[in-house]
Amino acid sequence: MKMKDEKRKGTSQASPVVDPARRRIIKGTAAGGALAGTGLITGFPYVHASEGITLRYMATGVSQHSQIAAQAKEDLGITIEYLTVTSDEEVKKAVTQPNSFDIMEPELWMVKKIVPSGQMQAMDINRLKQWDNVTTAWTKGEVDGKKIGDQGTAPITVMYVDGKNSKNFSKTPTDWATLMPTTYNADTLGIRPDLIGRPIEHWHELLNPEFKGRASILNIPSIGIMDAAMVVESMGKYTFPDKGNMTKEEIDLTIGVLTEAKKRGQFRAFWNEFNQSVNLMASGEVVIQSMWSPAVTKVRSMGVPCIYQPLKEGARAWGAGMAFPRTLKGKKLDAAYELVNWFTSGWAGAFLFRQGYYSGVLSTAKQQMEDYEWDYWMLGQPASQDIKGPDGTVMEKKGHVRDGGSFNARMGAVACWNAVMDENRYMVRKWNEFIAA
């Protein structure tokens, strides 16, 4: 292994020391720091080679925000045109219409589908300025020096390819990456404590008859099947050798448990989009469901009690990153690298933190956050003052502790990752039969 790869192996989640004067400059910059977002503190305008270029950015919406686009425009001169799609649409377009976008943000399980098609362009890690600072949760499968669950499509299994034009994943680090990590999280169940009225500690509560007609599961097969597997294990029905790569018999067992519950009237609805989950919970139609952490926060910001509930069996993790289609080249390719480097330089990472996600590069995000924000979102400490979202609205009151606690507690509890299985086609077919049952 080359010397730089040895250096890469030794990266840490620890944040670098930041000069106090620089921190004051960063924190004093309007709108979270236009100059700080680029990592450049200069006394003259900086003209980027990509000035005036428009990049079509395809993603499911997790990192697609008008504020991020506006900041990128101000800092880089790059115009972002968002193309918002569902998870399945993103995979389909990436494989069949690579000319229809310039940059995408696939989840890890999507990468496993797209790379073998030859339509994803490998990224040269030597052009990715923050590559050596990517969180060890991705690069080593470790949090605070301890291994976390790797069942499913764990990051390290799909982060590298053998070479520039390879369709094959590499089990060891190379100079060619599939994507640059941007955001990730560990998810469990969301609950309405005011309507449930008792502690919830296990995944199997999702199918408890007590919540008949008031439960929901997300209708994205590669994600929903993992929630279902956590439920099956929690019920004591079966222990999977690898929840993320089930046999046909294991798929039948898992789908059978869900179908039986559906026929009993357990589920109020099935959702596949962030706002659907928010509306179901905020309205009280659903009291327990598959949920994403920022959706829980959104419900609370509406004045409705809602908890992201840590569960004894652990959490289901997911992650996404920026990637390029095979067709991207020339000035647009250069601009895309510039956008990726800007996105991971801190401003966007801090923005995503304030939504409840984690940044792929923790150290730069920390530099763009107030100390009390970092203490709350990352360290799990009680808020020393009101916690505000990216738009400035109060999300949590002073004294509140983040559901699930610190980064080490939340990501350290990962049991599995969203996955694409060897028997994926069979799984999707059986999942669709469950939804239609």
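Biologist: What does threonine 182 touch, not counting residues up to four places away in sequence?

Modeller: Threonine 182 touches Glu105, Ala320, Gly321, Met322, Phe343, Leu352, Tyr358, Ser359 and Gly360, where contact means heavy atoms within 4.5 Å. This is a predicted model, in which local features need pLDDT of at least 70 and side-chain atom pairs count only at pLDDT 80 or more, while totals for chains, interfaces and linings use all residues. Residues are numbered from 1 along each chain as its sequence is written, and side-chain values use heavy atoms, with hydrogens and water left out.

Biologist: Why is threonine 182 called buried?

Modeller: Threonine 182, which is found in strand E9 (residues 180-187), has a relative accessible area of 3%. Buried means under 20% relative accessible area, exposed means over 50%, and partly exposed is in between, with a 1.4 Å probe and protein chains only, so threonine 182 counts as buried. Helices (H or I, at least four residues) and strands (E, at least two) are DSSP runs, numbered from the N terminus.

Biologist: Why does aspartate 144 count as partly exposed, and what is its phi?

Modeller: Its relative accessibility is 49%, so aspartate 144 counts as partly exposed. Aspartate 144 has a positive phi of about 55° although it is not a glycine, and its place is in the loop between strand E6 (142-143) and E7.

Biologist: What makes helix H9 roughly perpendicular to H10?

Modeller: Helix H9 (residues 221-235) and helix H10 (residues 248-263) pack at an angle of about 85°, with their axes 10 Å apart. That makes H9 roughly perpendicular to H10, because angles of 65 to 115 degrees count as roughly perpendicular, under 35 as roughly parallel, over 145 as roughly antiparallel and the rest as oblique. Axes are lines fitted to C-alpha atoms, for helices over the stretch in contact, and angles run from 0 to 180 degrees between N-to-C directions. The contact is made by Ile225, Ala228, Ala229, Val232 and Met235 of H9 and by Leu253, Thr254, Ile255, Val257 and Leu258 of H10.

Biologist: Why is the aromatic pair of tryptophan 131 and tyrosine 160 called edge-to-face?

Modeller: Rings of Phe, Tyr and Trp (its six-membered ring) pair if their centres lie within 6.5 Å, and planes over 60 degrees apart count as edge-to-face, under 30 as stacked and the rest as tilted. For tryptophan 131 and tyrosine 160 the values are 5.8 Å centre to centre and 80° between the planes, hence an edge-to-face pair. The pair ties together parts that are 29 residues apart in sequence, and both tryptophan 131 and tyrosine 160 are buried.

Biologist: How do you know that phenylalanine 324 and tyrosine 337 form an edge-to-face pair?

Modeller: Their rings lie 5.0 Å centre to centre with 80° between the planes, and the pair is edge-to-face. Phenylalanine 324 lies in strand E16 (residues 324-325) and tyrosine 337 in helix H13 (residues 330-343), so the pair ties together parts that are 13 residues apart in sequence.

Biologist: How do you know that the charged end of arginine 410 sits over the ring of tyrosine 308?

Modeller: A charge sits over a ring if NZ of Lys or CZ of Arg is within 6 Å of the ring centre and within 35 degrees of the ring normal. The charged end of arginine 410 sits over the ring of tyrosine 308, 4.4 Å from its centre.
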